[in-house]
Amino acid sequence: MAAEIVNPRSESTTEGAPEEPFDPAFALHRGGKMAIQATVPVRNKDDLSLAYTPGVAKVCTAIAEQPELVHDYTWKSQVVAVVTDGTAVLGLGDIGPEASLPVMEGKAILFKQFGGVDAVPIALATTDTDEIVDTVVRLAPSFGGVNLEDISAPRCFEIERKLQERLDIPVFHDDQHGTAIVTLAALRNAAKLTGRTLGDLRAVISGAGAAGVAIAKFLLSAGIGDVCVADRKGVVSSDREDLTDVKREIAGLTNKAGLSGSLETALAGADVFIGVSGGTVPEAAVASMAKDAFVFAMANPNPEVHPDVAHKYAAVVATGRSDYPNQINNVLAFPGIFAGALQVRASRITEGMKIAAADAIAGVVGDALAADCVIPSPFDDRVAPAVAAAVAAAARAEGVARR
C-alpha cells in the first residue's frame, strides 16, 4: 500500500505542543512560506527520460565542455542565495540560524513576488567570518548572486568584502546597501520638493552599524554636502580614541564641519536626520534643526522620532513603518537590483548600479511628488522593472555585464 502523503501545512509538526490561541502570524507560517515548484512536466517515461536520465546527461556534458552554458540550461542565472548567520535579525538581535529562517523565507518570497527572482534561504551554523566566506564560496556555483542578510557588524563588512574579492557574481549585503539606496531615493525627492540639491544638505545619521555606515558612504558618493554619524557615545569623530577600524574609517570620510559631542548637539542646524539605531531623540533636538528639515526615523517598530513630533518641525517625514506615509522599505530596491544584475549576468554590483537604482526609485514618484509622497509604495508595480532596467543599463555602462 502506498504511503500517505501529508501536507505539512495542515498538520502540527511538534508532538505534544500546547494548544495556543489563534494567531494569524503562526497560522500563516505553518509548514513554512515557500516551496520548490517544477517548471517542466514529468507525466510519463518520456518526460522522465528528458528531465532526468538519460537526457540530462547530454546537458551535463555540454556544460562541462562549455561552462558558460550553465546559465542557459539551469536556473543559476535566475536564483539568489539568501545567506545569514542569524546574528542581527530584525530588531531581535542574535537569535541563531534556525530562528532566522522565517525572515529568510520571507526575504525569498519578496524576491519572487516583487522581482521575479527565485531565492533560497541559507542559514549557517557558524559566526566565524572565514567559515562563512568559505561556505558561501563553495555554494556559489549553484547561484547567480548572493544576498547577505542579518549578519552583525562589523563582521558583515569583512564578509561582504572577502566574498566580492573571491566571487564573480553579485554579492550584496541588503542591510547596508538596500537601506542606503532607498534612503537616497527619498532624500533626492525631498530635496527636489523643497528646491534644494543633495549638495545643499547637512545630514546627521544616528547609528554606526551596517546601515548607518553604508548610508553615510553612499550619500557621500552621491554628493551630499556633509554628513556625520553618531553612535551611543556621540558623534563619530577623529578625536575619539574608542573607535573600531570601521568607525575610524567613517570618521575620516565624514563630518567636514568638525562636530563632536552628542547627537543632539550635531542636530542643531542640520537639514536631515536619518535614524537607523533605535532609541529616542528628544523633541528639543528635532526643534533645533534647520528650517524645512527632513526627518527619516527608520527604527522599527518605534521610530527614533515619533511622526507626530517630527511633523511639528520637519517639511518631510519618513519612517520604516508601513502604517505611515513615506516608508523606507528595502523591498523597493533589492528585487529590482538583483533582477537587473542577473539579466545581464553582472559580475558584481557597483556604486554606479546602486545610484542608478536610487534614481530609478525616485523617478517612479514623478508628478505625485509631495511631502507625504517622496518614495513610491512597495506595491507600486512600476518600481522593480524601473530599477531592473536602470541597474542593467548601468552594469553595461560600467563594463561588468557579461551579456
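**Exercise 1. Salt bridges**

Task: State how many salt bridges the structure holds, and examine selected pairs.

Solution. 
Step 1. The structure holds 24 salt bridges, a salt bridge being a side-chain nitrogen of Lys or Arg within 4 Å of a carboxyl oxygen of Asp or Glu. The model is a predicted one, in which local features need pLDDT of at least 70 and side-chain atom pairs count only at pLDDT 80 or more, while totals for chains, interfaces and linings use all residues. Residues are numbered from 1 along each chain as its sequence is written, and side-chain values use heavy atoms, with hydrogens and water left out.

Step 2. One of the pairs is Asp 118 with Lys 112, at 3.1 Å from N to O. Asp 118 has a relative accessible area of 23% and Lys 112 one of 42%. Both values fall in the partly exposed class, since buried means under 20% relative accessible area, exposed means over 50%, and partly exposed lies in between (1.4 Å probe, protein chains only).

Step 3. In another pair, the closest N and O atoms of Lys 162 and Glu 158 are 2.8 Å apart. Because these two residues are 4 residues apart in helix H7 (residues 155–166), about one helical turn separates them. Helices here are DSSP runs of H or I with at least four residues, strands are runs of E with at least two, and both are numbered from the N terminus.

Step 4. Arg 240 pairs with Asp 242, the closest N and O atoms being 3.0 Å apart. Arg 240 is buried at 17% relative accessibility, whereas Asp 242 is partly exposed at 35%. Both residues belong to a network of salt bridges that also links Asp 231, Lys 233 and Lys 247.

**Exercise 2. Thr 129 and its surroundings**

Task: Determine whether Thr 129 is buried or exposed, and list which residues it touches.

Solution. 
Step 1. Thr 129 is located in helix H6 (residues 129–139).

Step 2. Its relative accessibility is 12%, so Thr 129 counts as buried.

Step 3. Setting aside residues up to four places away in sequence, Thr 129 touches Arg 155, Glu 158 and Ile 159; contact means heavy atoms within 4.5 Å. Glu 158, the salt-bridge partner of Lys 162, is itself partly exposed at 31%.

**Exercise 3. Arg 188**

Task: Locate Arg 188 and compare its separation from Ala 360 in sequence and in space.

Solution. 
Step 1. Arg 188 lies in helix H8 (residues 174–193) and is partly exposed, with a relative accessible area of 26%.

Step 2. In sequence, 172 residues separate Arg 188 from Ala 360, yet their C-alpha atoms are 11 Å apart in space.

Step 3. Beyond neighbours within four places in sequence, Arg 188 is in contact with Leu 198, Ala 222, Ile 355 and Asp 359.

**Exercise 4. The whole chain**

Task: Decide what the radius of gyration says about the fold of the protein chain.

Solution. 
Step 1. The chain contains 16 helices and 10 strands, and buried residues make up 50% of its 403 residues.

Step 2. For 403 residues, a compact globule would have a radius of gyration near 22 Å. The radius is taken over C-alpha atoms, and the globule rule is 2.2 Å times the number of residues to the power 0.38.

Step 3. The chain has 23 Å, which agrees with the value for a compact globule.

Step 4. Of the contacts between residues at least 6 apart in sequence, 66% join residues at least 24 apart.
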